[in-house]
Amino acid sequence: MLSAAAARGRRTNALNGTFDVGQGLELLLKGTGLRARHLAPGIYAVTLEPRPRPPSTAPVVIQSVPSTQVAAPTSLDELVVTGTRIRRANTTAAAPVTTLSQADLRLSGVLNLEEAINRLPEARADSTQFTNGSDADGRAQINLRNLGHQRTLVLLDGERLAPVQAVDLNIIPAALVRRVDILTGGASTTYGSDAVAGVVNFMLDRDFEGVRIDGGYSVYQHANDDVAVRGVVAEFANIRAPAERVTDGVRKDLTIAAGRRFAGGRGEIALFGAYRSQDPVQWKDRDFSACRIIASEDNGAPSCAVSALYTHHGRFRPLTGPSAGQVFYTGADGAFAPEADRDLYAANTRENFNFMRSDERRSAGAFVNFGASRAAQFRASLLYMKDATYSQFYPYINTAEVPAGGFQVNCRNPFLSPSQAALLCGSAVGSDQLVSTQYTAIMGGPGSRPLRAEAINQDYRISLGLSGEVFDHWHYDLSAIRSTVFSSLSDSNEVDPSRLNKALNVELVDGIPTCVAKLNGTDRACVPADIFRQNGLDPHFYAYAYRDYVWANHYGQTDLIANLSGDLTSYGVKSPWAGQGVAVALGVEYRADSLKQKIDPAALEFEQLSPPLRGRQSVREFYGELQAPIAEGRPWIERLEINAGVRYSNYNTDHSLLATRKYELQYQPTADWLVRASLNKAARAPNISELYTGSTYGVIGLSDPCSGSSPAASLIACQRTGVTAAQYGHIPNCPDQLCQTYGGNGNRSLRPENARTRTIGLVYTPRGLPGFSVSADYYRIAVKGYIGPILADSVFQSCLSTGQDYYCRFVHRSADTGALFGSPATGGYIATGAQNTALLINEGVDVQASYDMSLGALGRLGLNLTGMRLITTGGRSAPDDPLRNCAGYFGPPQCYAPQPLWRHNLAATWRLPWREAVVSLNWRHVGPTRLAANSSALSAGAPPYAYPSFARLEAYDYLDLGISMRLRPGLTIRLVANNLFDLTPPVVPSTFVDGTTNNPNTYTGTYDPLGRDLHLAFSLGF
């Protein structure tokens, strides 16, 4: 509560003995000009003592309202309470707030801020360093209450960090974070849209002088000793088991910061620069992810899945010619092998996927504060970050659907052996006749490079502010924030199918294989491709055939805020039973988001993306908050306070007025007990990406039951999906049972989500046990009309069975054939993408407890517990769906990531009296979960799966050890070991993780996937 300038030069008194907190603070500060004020249970504020008024010769006037004059604090973050804009020394949050201090962050050994947040029970890992995939954007985000990162608002010193869809914690200098406040529950009234699940507020340390250097080095250690998985892997000759002991995943970071004061201490300036890098870890480096785990329903015995479709040898399926419909593999001897030998040619397509992506980040920033007077405090900050991360996969895989109609191989191709030519061409051998064939392969060998998906994010953020005290009891704050995010995704080393097709039409010219396209001048750069022998491709072919595809998004946000807060006590606006009067905060806010896409023409064609778009959304808002103390210091009413707030928002994309409200109650019957409750009506408007991201055509595995001469579905059912009586019995089925979809994330017809958050809690801080506090808070968050994806197969089946317009509006049959495929002009698709759906719910109880005790000559011991009892998590995807509750479950068909009923962190911190040494031991508990498919309520009416080996995930208990010690003045080192005992995460079939096979057979956001994390760090100041 005190500025550095006000505290400079003051020394507290020596103190020795055992005291309660209030008595100890009073003795420490006596005679220093400072005083400690008891604000609430466990909360004290250090402020300047009131200055005595000079004697006055004027007549004494008896005032009806007593006046209290206290010197106002002037530091930039004084009186900052996450969850309200009211500035008052006794303000406390009516909902539970979890706070991570700088010491907590350092002793947890995290290099990435999202790691520290994701370990909390109320958070679920979202986009992290372990997110792999060709569309992984490399951004670090936060997902509170399992409601999605887009419903969690991230603040930096109380201001929006960036557009919610483009938030990246990498721009925040972790070494300068002073504390993190995590407020869960609706806060839209205070901060506007997106604060539905909660708010995470990062507070930076800007007030320091001198030079600070922080550095760290960490590695992962793991013993690959999963006997069951290694036994399965040993059964497959084409899958390699990793070494039994590995050390990998090196991560390094360095931050250099310098600050100094100027203008006699009224101004402060600080600069920093930071660098971080991390080495990749691949799935093949851990035994439990060495292959894709599968299991059968009958006995649940795990096995490995290998692909006979995508193989290093190449797979042919002629579409024309004498062998049309047959399958061949390229043998080592230049002959085709029959499909019956497919197991000999199968490949492990996932071994080169990245467990942890390669990453390199550079960031820098500057902070300036200047106090011209109490009425004019200037502040400015500038942040820059560039983060480059990439995911590495296998060499390029050519798929069966590219190109349409198959590849064209000429029958005089000199690379064909006589037996291969006979099988493909028959009597046309040696002619110019072309044979169509599907060709799928993992295209490797000399000259090839792995497929690489790279994400580059460049963030710029500038913040300007002016604040001050006016009219004795009022504080104003003006701020302007501009955030710009350049995000680019690129796929490198993709073989262009059209170039490969040209490279298969080859003739001999003077004994040299030459592309026909080169001879006729259509492509003089063409290099012939010998795909009929393993690794037969000329290395120069890859240089000719490789294409890179780049698409980028440019996000921008401008946020202008004017806030005025005041204490009305001196105006007599107060309850007769309270010492303090009403406090208010009023403000206006203007916010504008923009999106501009840039896509190169090659990416548009190959990825079948929609043309680049531009979009803009702005909102004008007015808000107000009220804090009204009702009674204080009365029998059974130590403190009774009511808070309320309202915000009105007007978006240019929706001309209706959006209102959000909050009501809060804090009641202390005695000094030991506090009852707190809140009711929030929050809202989230669709963000700029959800409104304007383009749509594309795609396919989904689906057999149309209304197709064929004898349709499987009745005429009445098919009519619900748009089939006419004339079309019934004459509709063609989707090719290869792949029906067409059309959609994306963009939908300009989206409406705002509405959410209601209720909390009620009890806090106990006994005066008879100093240093102890415990609280329990029940919460319930319900989001109606939440914006989520529409799944094509689900809406089609629901339309077929119910005929409800909610589902059937997404089914668009071809106007001429009635099919679920066709041209853009005639239709024939199932719409997908973002829509206002039904309901999201998260409900539970937060438990917090802490106890700080003296150990005499051995220092002090602090115990801190943060736990969560989950009651409900899930909801409805459609109005007539049954309520889905995944609390206590994991896996398909609807839950996937584990949702344990109980999670907690219990930390014991021993502060030794020597060399500022600290030893911390943290116990992270993840409770057990059961397979959702075995629950009658979650199995969607399907018979329960067997899978006895995967029916339950047992509880996991991690121990994290952190040690910190001052070696000399200004130099501190830290050694941290997370997952001290190197626990291997639970292994499940890959489809249990997220419904796809693009994962390492475990839940990387819930469990520690790479083993023991050893971290060595230092802090040097001078």
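Tutor: A residue is called buried when its relative accessible area is under 20%, exposed when that area is over 50%, and partly exposed in between. Please keep in mind that the model is a predicted one.

Student: How many of the nine residues of strand E24 are buried?

Tutor: Strand E24 spans residues 434–442 and is mostly covered. Of its nine residues, the number that are buried is eight.

Student: In which sense do strand E16 and E24 run, and which residue of E24 is the bridge partner of Arg315?

Tutor: Strands of a sheet pair through backbone hydrogen bonds, either parallel or antiparallel. Strand E16, residues 315–318, is joined to E24 by four bridges, and the two run antiparallel. Within E24, the bridge partner of Arg315 is Thr440.

Student: Which residue of E24 is the bridge partner of Gln408?

Tutor: Strand E23 covers residues 407–410, and its pairing with E24 is antiparallel, with four bridges. The partner of Gln408 in E24 is Ser436.

Student: Which two strands stand at the edges of the open sheet of five strands?

Tutor: This sheet has mixed pairing, and its strands follow the order E3-E8-E9-E6-E7. Each edge strand has a single partner strand, so one side of each is left without a neighbour in the sheet. The edge strands are E3 (97–101) and E7 (159–160).

Student: Which residue in E9 is the bridge partner of Leu156?

Tutor: Strand E6 (residues 152–156) and strand E9 (residues 198–204) run parallel and are joined by five bridges. For Leu156, the bridge partner in E9 is Phe202.

Student: Which residue of E48 is the bridge partner of Tyr889?

Tutor: An open sheet of three strands has the order E45-E48-E49, again with mixed pairing. Its edge strands, E45 (889–890) and E49 (952–953), each pair on one side only. E45 runs parallel to strand E48 (residues 929–931), with two bridges between them. The partner of Tyr889 in E48 is Arg930.

Student: Is Ser618 buried or exposed?

Tutor: Ser618 belongs to strand E31, residues 614–634. Leaving aside neighbours within four places in sequence, Ser618 is in contact with several residues, including Tyr590, Arg591 and Asn652. Its relative accessible area is 5%, and the limit is under 20%, so Ser618 is buried.

Student: Which class of accessibility applies to Tyr648?

Tutor: Tyr648 lies in strand E32, residues 637–651. Together with Leu586, Val588, Phe622 and Leu657, Tyr648 makes a nonpolar surface patch of about 450 Å². At 32% relative accessibility, Tyr648 falls between the limits of 20% and 50%, and therefore it counts as partly exposed.

Student: How many disulfides does the model contain?

Tutor: A disulfide is a covalent bond between the sulfur atoms of two cysteines. Here a pair of cysteine sulfur atoms is counted when the two lie within 2.5 Å. By this rule, the number of disulfides is seven.

Student: How many residues apart are Cys411 and Cys425?

Tutor: Cys411 and Cys425 form a disulfide with their sulfur atoms 2.2 Å apart. This pair links distant parts of the chain: Cys411 is in the loop between E23 and helix H8 (418–425), while Cys425 is in helix H8. Both cysteines are buried.

Student: Is the link of Cys734 and Cys739 left-handed or right-handed?

Tutor: The disulfide joining Cys734 to Cys739 has an S to S distance of 1.9 Å. Cys734 is buried at 4% relative accessible area, and Cys739 is buried at 0%. With 95° about the S-S bond, their link is right-handed.

Student: Is the disulfide of Cys886 and Cys895 left-handed or right-handed?

Tutor: Cys886 and Cys895 are joined with an S to S distance of 2.1 Å. Cys886 is buried with a relative accessible area of 5%, and Cys895 is buried with 8%. The torsion about their S-S bond is about -85°, so this disulfide is left-handed.

Technical notes. Residues numbered from 1 in each chain as written. Predicted model: local features only at pLDDT ≥ 70, side-chain atom pairs only at ≥ 80, totals over all residues. Heavy atoms only, no water. Pairing = 2+ DSSP bridges. Buried < 20%, exposed > 50% of the residue type's maximum accessible area, 1.4 Å probe, protein only. Contact = heavy atoms within 4.5 Å. Patch = residues over 30% accessible without salt bridge, like charges linked within 9 Å, V, L, I, M, F, W, Y side chains within 5 Å. Areas by Shrake-Rupley, 256 points an atom, 1.4 Å probe, with all protein chains shown as cover. Salt bridge = Lys/Arg side-chain N within 4 Å of Asp/Glu carboxyl O.
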